[in-house]
Amino acid sequence: MSGYLAGRLAYSIFVLWGAITIVFVTVRVVPGDPAQLMVGAQGTRQDVEALRHRFGLDRPLPVQYGGYLAEAVRLNFGQSLRLEQPAVDAVIQRIPATALLALGAMTLAVAISLPLGIIAAMARSSILDRAVSAVSLVGQSVPNFWLGIMFILIFARTLRWLPSAGIGGAEHLILPAVSLALLVIGVLTRLVRSGLVDIIHEDYVRTAYAKGLSVRPVIVRHALPNALIPVVTVAGLQLGHLLAGAVVVETVFAWPGVGRLLVDAISNRDYPVVQVAVLFITAGFILVNLLVDLSYAYLDPRIRYR
Amino acid sequence: MSSSPPLPAAAAPFRPPGAAAPRYRRGRRMRARLLAWSTPLAVFVAVAALGPALVPYDPVTVRLGERLKPPGAVLEHGAKAWLGTDQVGKDLLAQVLQGARISLFVSVTTVIAAGLIGLVTGVGAGYAGRTTDALLMRLADLQLAFPSILLAILIAAVLGPSIANVIITLSVTRWVTFARVARASTLVTKEREFVMAAHATGARVARLVGRHIVPFAVTPLIVVATVEMGLVILAEASLSFLGLGAPPDHPSWGLIIANGRNYLSSAWWISTMPGIALSLVVIAIGQFGDTLRDYLDPRTVSE
């Protein structure tokens with residue numbers, strides 16, 4: 001188990017290094033001068049040169065990369081160009097809001113897709129089953145930023161039930177969380193359904209029926225726990241995607257999270273903040289994947305890691 | 001001696017009760033589904049190709065007297081604005097039609113580019129094996145560890161908004177799936193006897209790969225391509241919505257939706273209409289892709 005843990009941890013660090021490198025390559029090597037971009041069209045040549053020197057852009061690339069890695073390990077990505085504080089601090093301040101949104105969306109998605117998946121699996125090929133798969137298909141295809149705007153139009157502007165922007169009480173969380181959750185509900189519902197459909201035919205489920213249990217305890221106590229193992233994996237992976245999807249949804253609902261900070265930083269050409277925001281979201285994604293892998297052994301005693 | 005019962009008009013071959021329907025019937029039903037889902041796609045393509053010619057999109061003219069007119073309103077010069085007008089008086093239908101063209105162009109170009117990158121890297125990795133394979137596949141893993149929309153946002157932010165940049169950005173973020181599928185089929189194909197036979201007759205590597213391996217990698221890639229096309233259309237819309245995709249004078253669906261946000265109370269149709277078009281196209285592509293996969297894979301039995 002500890003060997004496996006070490007291996008997974010080493011792999012996560014490798015991936016994190018890869019992410020840092022990809023960010024570096026994208027910002028520094030892609031055609032176009034970041035200093036020129038930061039200064040904008042109205043900047044003079046001197047401004048550009050000054051910026052290039054300030055950020056070390058006039059040094060050779062390998063030197064820049066080495067320095068960048070060394071600073072990244074110390075979480076030092078430089079000062080934000082607009083916010084009068086280190087870029088890392090700006091991002092860290094926004095993490096709780098994004099975490100709240102992503103976890104809220106995931107909780108909602110699980111709470112909806114579990115019963116839907118069970119219903120679909122129990123009534124396989126019925127109209128109910130088809131309705132559930134139609135709903136999950138639409139959920140996966142409708143762009144969540146548009147859905148969010150439609151929610152604002154209906155529930156905030158027309159019915160005036162819920163606030164359309166900002167953070168505050170539970171009523172602020174509902175619309176953004178639902179828009180984000182819809183991305184995941186379709187995937188999870190399909191997974192619960194197919195997992196349960198496979199397991200319903202297992203011997204031990206028949207045994208449970210044979211000893212006189214009714215449907216509910218058989219499904220809830222015997223079939224569901226095993227059907228949920230792949231669901232946990234995918235839910236974990238999807239939580240990572242929710243973090244990325246939050247970028248768009250936070251913009252729609254003016255939710256003060258990392259995603260909105262990222263979009264603002266892009267339009268302000270605040271590249272230190274852009275880099276840190278991308279890295280932190282990716283780190284969250286990697287961390288979630290690591291936790292999911294580790295929870296496997298706990299959830300499924302058949303799995304033994306060497 | 002009793003006479004034999006009359007034969008049914010169309011003599012069906014004997015089939016024991018409960019046995020599966022013969023293959024051709026399954027194929028016929030799938031072809032019908034394939035046709036059903038390709039109809040909305042054909043409409044999408046036709047609209048993208050011909051629509052702007054029927055309802056011309058004019059990026060320059062601004063008619064402030066006709067701003068925020070609801071769907072169906074008759075404009076000053078007598079034309080009917082079927083989907084209404086936007087905040088500067090431009091016809092929304094013309095914009096949505098032009099948006100279909102952008103969406104189709106970006107998605108087809110991106111899928112071809114990403115597919116070619118994926119085909120070359122996947123077949124290369126699978127055929128070469130060893131170090132090349134390990135390196136390319138680690139690179140693919142690394143990229144999968146990065147949420148693709150985030151990478152797209154990062155690259156698009158650096159490149160700046162333009163149609164060409166959207167295509168570059170999305171091709172760079174979406175080649176991995178193609179590469180994995182191409183690699184998998186290469187690994188299987190290169191062990192087959194006809195490849196060894198070709199090798200034994202002295203075929204060069206280029207011919208071996210080009211004539212014997214690549215054709216087998218292409219069919220599964222077509223399925224991947226349809227699924228990816230839906231994802232690319234959504235990604236393009238998301239990038240344009242964030243202001244990182246199409247430039248302001250190109251009415252991409254994502255951009256129209258973003259423009260309409262400020263007029264939700266007075267003109268709900270601006271954001272609503274392009275979103276409906278977008279959702280319908282993505283749903284149709286998704287269903288078409290699913291059906292195509294089932295159709296091309298003989299192992300699946302439709303329920």
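**Notes on the model**

1. Start with a helix pair in chain A. Helix 10 of chain A and helix 11 of chain A pack with their axes 7 Å apart, at an angle of about 80 degrees. The two helices are therefore roughly perpendicular to each other. From helix 10 of chain A come A:A246, A:V247, A:E250 and A:T251; they meet A:G259, A:R260, A:L262 and A:V263 of helix 11 of chain A. By class, this contact has four nonpolar, two polar and two charged residues.

2. A word on confidence. This is a predicted model. Chain A has an average pLDDT of 82, and 92% of its residues score at least 70. Within chain A, helix 5 (residues 87–122) has the highest confidence, at a mean of 90. Helix 2 (residues 34–39) of chain A has the lowest, at a mean of 66. Where pLDDT is low, predicted coordinates should not be read in detail.

3. Helix 10 of chain A also packs against helix 8 (residues 170–199) of chain A. The angle here is about 160 degrees, and the axes are 9 Å apart. The crossing of helix 8 of chain A with helix 10 of chain A is right-handed. By class, the residues of this contact divide into 19 nonpolar, six polar and no charged.

4. Next, the contact between the chains. Chain A gives 37 residues and chain B gives 33. On the side of chain A that touches chain B, the elements giving two or more residues are helix 1 (2–29), helix 6 (127–141), helix 7, helix 10 (215–252), helix 11 (258–267) and helix 12 (271–299) of chain A. Both helices of point 1 are on that list. This side of chain A has 26 nonpolar residues, 10 polar and one charged.

5. Now the layout of chain B. Chain B has nine helices and two strands. From the N terminus, the order is α-β-β-α-α-α-α-α-α-α-α. Of its 303 residues, 42% count as buried. Take the contacts in chain B between residues at least 6 apart in sequence: 69% of them join residues at least 24 apart.

6. Which residues of helix 8 of chain B are buried? They are B:W253, B:G254, B:L255, B:I256, B:I257, B:A258 and B:G260. That is seven of the eight residues of this helix (residues 253–260), which is mostly covered. The cover includes helix 2 (92–128), helix 7 (205–241) and helix 9 (269–296) of chain B. It also includes helix 7 (144–158) of chain A, from the other chain.

7. One residue deserves a look: B:I102, in helix 2 of chain B. Is B:I102 buried or exposed? B:I102 has 23 other C-beta atoms within 10 Å. The cut-off is 20 or more, so B:I102 is buried. Leaving out residues up to four places away in sequence, B:I102 touches B:I163, B:A246, B:H250 and B:S252. B:I163 lies 61 residues from B:I102 along the chain, yet their C-alpha atoms are separated by 8.3 Å.

Terms used: Residues numbered from 1 in each chain as written. Chains lettered and ligands numbered in written order. Predicted model: local features only at pLDDT ≥ 70, side-chain atom pairs only at ≥ 80, totals over all residues. Helix = DSSP H or I, 4+ residues; strand = E, 2+ residues; numbered from the N terminus. Buried ≥ 20, exposed ≤ 12 C-beta atoms within 10 Å, placed from the backbone. Contact = placed C-beta atoms within 7 Å. pLDDT = per-residue confidence, 0-100. Nonpolar A, V, L, I, M, F, W, Y, C, P; charged D, E, K, R; others polar. Axes fitted to C-alpha atoms, helices over the stretch in contact; angles between N-to-C directions. Left-handed = near helix turned anticlockwise from the far one by under 90°. Parallel < 35°, antiparallel > 145°, perpendicular 65-115°, else oblique.
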